[in-house]
Amino acid sequence: MPTIIPFPTRYSAFALCVVGLVACLAFVLVSPHLWLAWIGVVVFAVLTGTGVHDLRQARHAILRNYPVIGHLRFLLEFIRPEMRQYFIESDSEAAPFSRAQRSLVYQRAKGDPDNRPFGTQLDVTLAGYEWINHSMRPTKLAGHDFRIVIGGTQQPGGANPAQSADAGPPQGGRASPSGGGEAHAVASRGANHPCTQPYSASVFNISAMSFGALSANAILALNKGAKMGGFAHDTGEGSISQHHRVHGGDLIWEIGSGYFGCRNDDGSFSEERFTANARDPQVKMIEIKLSQGAKPGHGGVLPAPKVTPEIAAARGVPVGVDCISPASHSAFSTPTEMMHFVARLRELSGGKPTGFKFCLGHPWEWFGIVKAMQATGITPDFIVVDGAEGGTGAAPVEFSDHVGAPLQEGLLLVHNTLVGVNLRHRIKIGCAAKVITAFDVARMMALGADWCNAARGFMMALGCIQAQSCHTGHCPTGVTTQDPLRQKALVVPTKAERVHNFHRSTLHALQELVQAAGLDHPQQITAHHIVRRISDTEVRLLSNLVMQVQPGALLGPLDEQHNVFRTYWPLASAESFQPVTQGPKGLVEGFAMAA
């Protein structure tokens with residue numbers, strides 16, 4: 001009896017394609033004028049050829065084992081994010097923004113009603129649920145254009161704040177910059193020059209997004225919306241492009257480690273080119289970018305093919321050459337040099353508010369910057385705290401998921417440290433990371449922020465659908481692509497109006513929250529106003545859950561302070577970003593104490 005070798009079922013689809021091709025060829029021979037037969041020949045020939053190719057290729061094992069039908073797996077994988085977003089995920093499931101959050105932005109951007117009937121969709125009994133306490137005597141405010149003044153609080157001449165009346169006991173003498181080369185040359189020039197052009201900023205602004213990461217039409221729409229609404233537009237580290245200048249909206253010029261827009265040919269900082277851009281009346285503030293929430297401590301490369309003439313002109317780099325952003329700055333190498341660099345940029349800009357943005361990392365590095373402020377008498381006009389949950393562009397997964405402090409922890413440490421050394425009144429604090437709603441703004445202010453920035457919120461106002469293809473150049477809405485056909489779909493006048501609407505509606509909602517709490521300005525919101533559920537039977541004020549340092553508390557003994565100050569403050573130095581230690585053992589013991 002002959003042995004029967006069963007035909008593997010994984011080849012069934014391929015076999016059916018071959019049978020279909022043979023059958024269609026037979027029909028063509030019998031009825032050559034039957035057009036359906038000819039179509040069948042073409043279709044099955046393509047499928048059969050695909051199957052042959054699948055069997056011969058060596059890249060995908062699944063296609064070798066399942067010719068033709070294996071492509072269905074790749075198709076389903078390709079459309080999985082869209083299917084999940086539209087049909088599977090719940091309205092409150094954040095990945096990274098929930099459908100409810102996105103819908104709210106779309107409604108406000110379009111000017112549609114954003115009221116919701118039938119009560120909240122949130123489970124108010126779950127741990128982590130938060131609310132703001134209301135007053136039985138709400139206030140009535142005239143408008144929602146909440147503003148703060150940034151700059152104008154520095155002491156001229158480099159006066160040491162540790163020797164001023166409100167600063168407590170002296171913290172040591174005036175430090176001189178250390179180091180050499182470019183860092184020493186740039187950072188050590190000049191004394192502290194005060195801000196002479198303070199900026200009246202909205203409490204809600206567009207966060208840093210570069211031209212190159214965003215399309216030309218997206219930049220045009222964002223800046224026009226900012227002009228219409230009277231709020232600020234951060235350029236991102238890609239510098240000021242021609243598209244930022246068309247509509248004249250207020251700009252915060254971000255200076256990254258690549259010094260784009262203010263660099264020499266070798267990539268070092270250029271005072272002359274910085275001055276030319278910084279003194280443009282459209283530029284209202286100067287922001288030094290130390291790190292960003294998406295990938296703190298990581299540099300970047302814009303590949304040569306993406307360095308178009310427009311991008312090259314904005315950044316001051318050659319066309320068609322890799323554009324490199326180093327992981328760290330070359331203009332300074334110590335906290336003290338950094339403070340002198342801040343003062344120098346403030347002077348070169350003509351006295352405009354100058355500060356820096358960072359995502360909190362090693363606590364002793366941040367404390368070293370604060371000690372440099374004390375030692376030099378130089379303070380930035382503002383600090384923007386970026387949270388690790390932020391980020392509009394692509395980043396390595398490990399960096400997105402596991403590097404950098406989340407916004408709440410970073411903001412609390414920055415605010416409390418400045419309070420503890422009596423410098424908080426001289427420095428405004430901004431923050432950014434998943435700020436979408438008016439409650440998000442109110443909560444960040446309760447934790448110590450003076451204003452909030454949003455990037456992805458304004459991207460959604462432009463029409464972003466969270467396709468998460470920002471880094472591919474295939475953005476379906478034209479927001480994050482340099483493809484001229486794709487970005488043409490983004491109509492600037494319409495999208496600018498949506499940007500304006502989103503800002504206005506969010507601040508109107510913030511006004512209603514402030515009124516309900518019985519306050520006159522969102523800056524009056526404190527951690528005492530926010531309540532958090534701990535369990536199904538316990539709630540606590542946020543003020544009882546988060547760190548709070550008393551004014552001047554860090555100028556004396558640290559015995560009663562939070563462990564982060566007791567452990568890391570002594571390790572910090574104004575003269576180095578490295579911890580002060582008697583060797584590796586001492587540093588390890590310090591970490592053990594913190595744990």
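**Close-up 1. Helix α5 and its buried residues in the predicted model.** Helix α5, which covers residues 99-110, has 12 residues and reaches 16 Å from its first C-alpha to its last, close to the 16 Å expected at 1.5 Å a residue; the model shown here and in the other views is a predicted one. The buried residues of α5 are R102, L104, V105, R108 and A109. Seen down the axis of α5, these buried residues fall within an arc of 155°, so they line one face of the helix. An α-helix has 3.6 residues a turn, so residues three or four places apart point the same way. Just after α5 comes G111, which takes a positive phi of about 80°.

**Close-up 2. The contact of helix α9 with helix α11.** The axes of α9 (residues 271-278) and α11 (residues 335-348) come within 9 Å and cross at roughly 55°, which makes α9 oblique to α11. On the α9 side the contact is formed by E271, F274 and T275, which meet R344, L345 and L348 in α11. By residue class, the contact of α9 with α11 divides into three nonpolar residues, one polar and two charged.

Close-up 3. Q561 has its place in the loop between β15 (538-541) and α19 (563-568). Because its relative accessible area is 15%, and buried means under 20%, Q561 counts as buried.

Methods. Residues are numbered from 1 along each chain as its sequence is written. This is a predicted model: local features need pLDDT of at least 70, side-chain atom pairs count only at pLDDT 80 or more; totals for chains, interfaces and linings use all residues. Side-chain values use heavy atoms; hydrogens and water are left out. Axes are lines fitted to C-alpha atoms, for helices over the stretch in contact, and angles run from 0 to 180 degrees between N-to-C directions. Helices (H or I, at least four residues) and strands (E, at least two) are DSSP runs, numbered from the N terminus. Angles under 35 degrees count as roughly parallel, over 145 as roughly antiparallel, 65 to 115 as roughly perpendicular and the rest as oblique. Contact means heavy atoms within 4.5 Å. Ala, Val, Leu, Ile, Met, Phe, Trp, Tyr, Cys and Pro count as nonpolar, Asp, Glu, Lys and Arg as charged, and the others, Gly among them, as polar. The expected span of a helix is 1.5 Å times one less than its number of residues. Buried means under 20% relative accessible area, exposed over 50%, partly exposed in between (1.4 Å probe, protein chains only). The arc is that of the directions from the helix axis to the C-beta atoms.
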